[in-house]
Amino acid sequence: MLRRDSGCAAASPRTSRRPASRLSFANWTRCALPEQRPVSHSPGQWSGRAGLIFATVGSAVGLGSIWKFPYEVGENGGGAFVLIYAVGLLVVVLPLMLAEFVIGRRGGGDAMASIRRLAEAAGEAAGWRWLGALMLAAGFAILSYYAVIGGLTLAYGAQAMGVGFGGLDAPGAARLFAARSGDPLELAGWHALFMALTVAIVARGIERGIEAACRLLMPVLAAIMLLLALHGAASGEFARTAEFLLAPRLEAMTTRAALEALGLGFFSIGVGLGVLLTYAAHAPPGTLLGTVALATLAGDTAISLLAGFAVFPLAFAHGLDPAAGTSLIFLTLPIAFGQIASGGRIGGAFFAALALAALASAIALLELVVAPAIRWTGWSRPTAAMAVGLACWVAGLPSALSFGLWREVRPLGFLPGFADAGILEALDRVTSNLALPLAGFLLAIFAARLLGARTLAAELGWPPRRLAALRALLGWGVPGLILAVAALGHLPR
């Protein structure tokens, strides 16, 4: 059901007692232009702009922010990579974030419902609803294996705070990982604990659950990263880390590295999944969506850089490979923790930070699916959260088994590029290299085609020239760059 903005009569240049010149551009476009606004169909609301920012930063910060961003920066040109990454944030990520925010607040519901309502209001084909379905399927698949890794971070945190990593060498680290990940019952238990924490938060609702958790998790995560970075500075390898991360090395900036820098923000922040769209449906009236988007990008980038200054001094100080990638977390850093004083406490803090980052992202992914589940079934939020969480845990069991009993299974081995991919890795490649780029590409086309200048102006309050640039990016620049980055992922190095 659609209604006109109830504040139009009061804000109209003809009826307002204030001079028309004092009306903001946003108010004028909301009222003087014949634009319809939907009634919100989403129960619950953020307490304010700060609550929405904490939640969106939490959704953006994940395990990849702790290891992938610093590693990619250091290996691909340092400061030059950061500069191109910042350009990618502005020309790819920011437009898609704004599109998700506008669709969510305008549509007033979950990803599928909001996209369908806006498509119907614009007289477009109902086939656009499959974009929302793609978002939900990708989000569910990602959470199914992401929660397995989240469970591993809990297991390693317990190890660090318990017996610790004393005397651990490379073979010992490999044996520890095999013991923690190869026992199906133990890993399923940690996986279940991680999902239970996620469900418990989402079941409490938007403000009392998700916002309250993110208001706690994000400051604690930032504080732990800051303390670990200060410890790294005291280790004597701060200058080497700063050079590795920030010194511009133009000789390393190939065309491939530049495209990877442009695409890194898209993949690490996860625009196109519909999470931000779902969160925006609960935004209070008057929330400045552009401010929320910029604050989210700044918060995610700051935590990612802090992570680099926390992790790499340890790697350099103990002669470890900073380019170890995902194995840096579970195979490389435990060796460093075992060789330093107070390694148990420092390792416990590090894995606690990892668990917090993983939990904040998992909350967002679960809410992405729980929101439409409530609409479809009519269940209460706690019931829907428990049902979806249980389904996700069951769907994640094959990924958990891929570390042990099913380590030799190659579900997509018949496809090019998947011959060596186990269950978890195959899921990751399908979602990251196929589903997420496709969803982002279609989202940009949807926004450019269906979100007219009046709708964008009413929701963002931007002047016409800035709106024209945003629509041009969504219509041409963003889809083109997504195609280029996606094609890059399928080319040999």
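Predicted model: local features only at pLDDT ≥ 70, side-chain atom pairs only at ≥ 80, totals over all residues.
Q159 is found in helix α7, which spans residues 129–161. At 11% relative accessibility, Q159 counts as buried, since the cut-off for buried is under 20% relative accessible area. Its contacts, leaving aside neighbours within four places in sequence, are G164, F165, L176 and R180.

Now step back to the whole chain. The protein has 20 helices and two strands. It has 493 residues, and 56% of them count as buried. Consider next the contacts in the protein with a separation of 6 or more. Residues 24 or more positions apart account for 81% of these. Zero disulfides are present in the structure.

S361 sits in helix α16, residues 343–377. S361 is buried, at 6% relative accessibility. In sequence, S361 and A147 are 214 residues apart. In space, their C-alpha atoms are 9.8 Å apart. Not counting residues up to four places away in sequence, S361 touches G58, S59, V61, G62 and Y146.

G58 belongs to helix α3 and takes part in the contact of α3 with α10. Two packed helices are described by the angle between their axes and the distance between the axes. Helix α3 covers residues 49–60, and helix α10 covers residues 206–234. They pack at an angle of about 65°, and their axes are 8 Å apart. That angle makes α3 roughly perpendicular to α10, because the roughly perpendicular class runs from 65 to 115 degrees. The crossing of α3 past α10 is left-handed. On the α3 side, the contact residues are A50, G51, F54, A55, V57 and G58. On the α10 side, they are I210, E211, C214, R215, M218 and P219. By class, this contact has eight nonpolar, two polar and two charged residues.

Is H231 buried or partly exposed? At 29% relative accessibility, H231 counts as partly exposed. Leaving aside neighbours within four places in sequence, H231 is in contact with L314, I340 and I346. H231 and L314 are 83 residues apart in sequence. Their C-alpha atoms are 9.1 Å apart in space.

L314 is in α14 and takes part in the contact with α15. Helix α14 runs over residues 289–317, and helix α15 over residues 327–337. Their axes come within 9 Å and cross at roughly 60°. The crossing of α14 past α15 is left-handed. V311, F312 and L314 are the α14 residues in this contact. They meet L328, L333, A336 and F337 of α15. The contact residues divide into seven nonpolar, no polar and no charged.

The next stop is L262, in helix α12, residues 255–269. L262 counts as buried, at 15% relative accessibility. L262 and L89 are 173 residues apart in sequence. From C-alpha to C-alpha, they are 7.3 Å apart in space. Not counting residues up to four places away in sequence, L262 touches I84, V87, G88 and L481.

Helix α18 covers residues 423–450, and helix α20 covers residues 464–488. They pack at an angle of about 165°, with axes 8 Å apart. α18 and α20 are therefore roughly antiparallel to each other, since angles over 145 degrees fall in that class. Their crossing is left-handed. From α18, the contact takes in P437, G440, F441, A444, I445, A447 and A448. From α20, it takes in R471, L474, G475, V478, P479, I482, L483 and A486. The residues of this contact divide into twelve nonpolar, two polar and one charged.

Methods
Residues numbered from 1 in each chain as written. Heavy atoms only, no water. Axes fitted to C-alpha atoms, helices over the stretch in contact; angles between N-to-C directions. Helix = DSSP H or I, 4+ residues; strand = E, 2+ residues; numbered from the N terminus. Left-handed = near helix turned anticlockwise from the far one by under 90°. Contact = heavy atoms within 4.5 Å. Nonpolar A, V, L, I, M, F, W, Y, C, P; charged D, E, K, R; others polar. Parallel < 35°, antiparallel > 145°, perpendicular 65-115°, else oblique. Disulfide = S-S within 2.5 Å. Buried < 20%, exposed > 50% of the residue type's maximum accessible area, 1.4 Å probe, protein only.
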